[in-house]
Amino acid sequence: MHEVLTQAWLQPVSGGGFPLLTLLVLLPTVFAVAQLMVPGEHGWAHKALGLVGSLAVLLVALVVFGAVDPGIAGMQRVDDFAWIPAVNARWTLGIDGLSLPYVLLTAGLVPLVYLGAFSTIETRFKEFSIAMLVLETGMLGSLLATDLLAFYVFWEVMLVPMYLMIGIWGGKDRIYATVKFFIYTMFGSLLMLVAILVLYHKAGGSFRLTDVVAAKLTDQEQMWLFGAFAVAFLIKVPAFPFHTWLPDAHTEAPTPGSVILAGVLLKLGTYGLLRFAIPLFPGAMGRYAWVFVALAVIGIVFGALMAYVQTDVKRLVAYSSVSHLGFVLLGIAVFNEEALQGAILQGVNHGLSTGALFFLVGFVYERAHTREIEAFGGIAKKMPVFAAFFVFVTMSSIALPLTNGFVGEFLIFAGSFKEGVQSALLPRTDGGYVWRNVVLIGTGIATLGIVLGAVYMLSVVRRVFFGELTNPDMAHLRDIGWRERFIVGVLAVFILWIGVKPSGWLHLSEATVHAMVAPLRPQIQQTRSPADYQREQRAALHHRPAAAATE
């Protein structure tokens, strides 16, 4: 199975020529180095350099998008160079339908973050800009690296800039939040490093993903190594019970840090599960899929309930991330094509919608100097454009039809119920009954997350924007300006675009998801649901002659 997997979607299908992906990854660092040469007192020069650098990266990302064929499963535009010959580590970058949506999301968000930072970051903009650009290199490198050591280096590169953003430009409890963020993520990273070194030995001295996938592992080795990778990625998501660092980090981080944390960094946890943990250890994933379903469902409901009781609107949005990313984790755990397509798209949707919410919360905080919900009330009279944008993004967050959130959640639920509903149709005595019931019951409970999401989001809209303007401190509020309208307006366009015409966005990952599921799902099903595995194999054998006859 591992051999088929390598050929299907990890094998390079195009490469050579100009190292476009290397340029994409390193270009932010080039601009960061350029900023080192400019004195810190030239604030506008650093703002201009940072914005131009991020726009240049976006331009290169669009060139990459034009050079990639989403209809082909496999690594495209591969750059493969010797990096550390002593340990056979290579600089190997590639892009496919799994990484492409998140590369575009990353490259598109960073320029908006810069525009938002012009008024938010009032001191040491040079250092902030350098940190942001280095962080962008880490994010893009993590999404494109197919050598495990290179991936780990980029994974760690992300940690330091985010640590500095919260620790230097954060709120009054920033040190506590920074230390908590660092301890959680470093613990997960060290576990993953140990697992990578073990895999390096098992793969005959290679960090290349295609070589490591083919390594022979015992069931016990798969279990322990999968655990190390899974914990590292679940901390980054973050999934319950590893979520406790997130509300503090979001609350204390400056607005640009919160946007990039919610928009991109959290998605690297779910991306890592799909790119590394599941392909490397499909048997272990099958054995513990029920744990993922349980963690996802608990996260969905717990995050929603915690969001409802928050008095700080930024902390409310932070807990909503725990709930929303639970849906993504549920889709990954189910691991059929519909659920995976929904999970990948929902990751992008969350980056757009929650990123927009953090921007909006930051805009009102700059004016009101408070985020306490009870301090507001009736401010739609003073800020009608702001209120309109907030309500629109709220509709996306609660998955209203014709917004992006609806498409992603609908696919996740469609795939999950498809997996679980067979419990009512097939014999109770077969070997898949327990697994299918776990999915069916878990998905049923997860639907509460949609209801609770509507409750806490519509509640905050009512309390903040409508009713009488009773707080005299809010009488001076001015509506958002053109720069702020542009930032949120761009995100609103994509929220509506994906909601109205999702087919183009789903096409980006369709071929890759199909190529992933074909070899991996049978290996997962063998462990978690043997009867379903046999049934699906018989159906596949029956389908092949019929398809051949049709041709």
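Helix α12 is mostly covered, with 14 of its 14 residues buried, where buried denotes a relative accessible area under 20%, exposed over 50% and partly exposed in between, for a 1.4 Å probe and protein chains only. The model is predicted, so that local features need pLDDT of at least 70 and side-chain atom pairs count only at pLDDT 80 or more, whereas totals for chains, interfaces and linings use all residues. Residues are numbered from 1 along each chain as its sequence is written, and side-chain values use heavy atoms, with hydrogens and water left out.

Helix α12 covers residues 267-280 and reaches 19 Å from its first C-alpha to its last, close to the 20 Å expected at 1.5 Å a residue; helices are DSSP runs of H or I with at least four residues, numbered from the N terminus, and the expected span is 1.5 Å times one less than the number of residues. A kink of about 40° is centred on Leu273, the bend being the angle between axes fitted to the seven residues ending at a residue and the seven starting there.

The structure as a whole contains 30 aromatic pairs, defined as rings of Phe, Tyr and Trp (its six-membered ring) with centres within 6.5 Å, and classed as stacked for planes under 30 degrees apart, edge-to-face over 60 and tilted for the rest. The rings of Phe229 and Phe281 have centres 5.7 Å apart and planes at 50°, and therefore form a tilted pair. This pair links distant parts of the chain, with Phe229 in helix α9 and Phe281 in the loop between α12 and α13, 52 residues apart. Phe229 is buried at 0% relative accessible area, and Phe281 is likewise buried at 0%.

Notes
Helix = DSSP H or I, 4+ residues; strand = E, 2+ residues; numbered from the N terminus.
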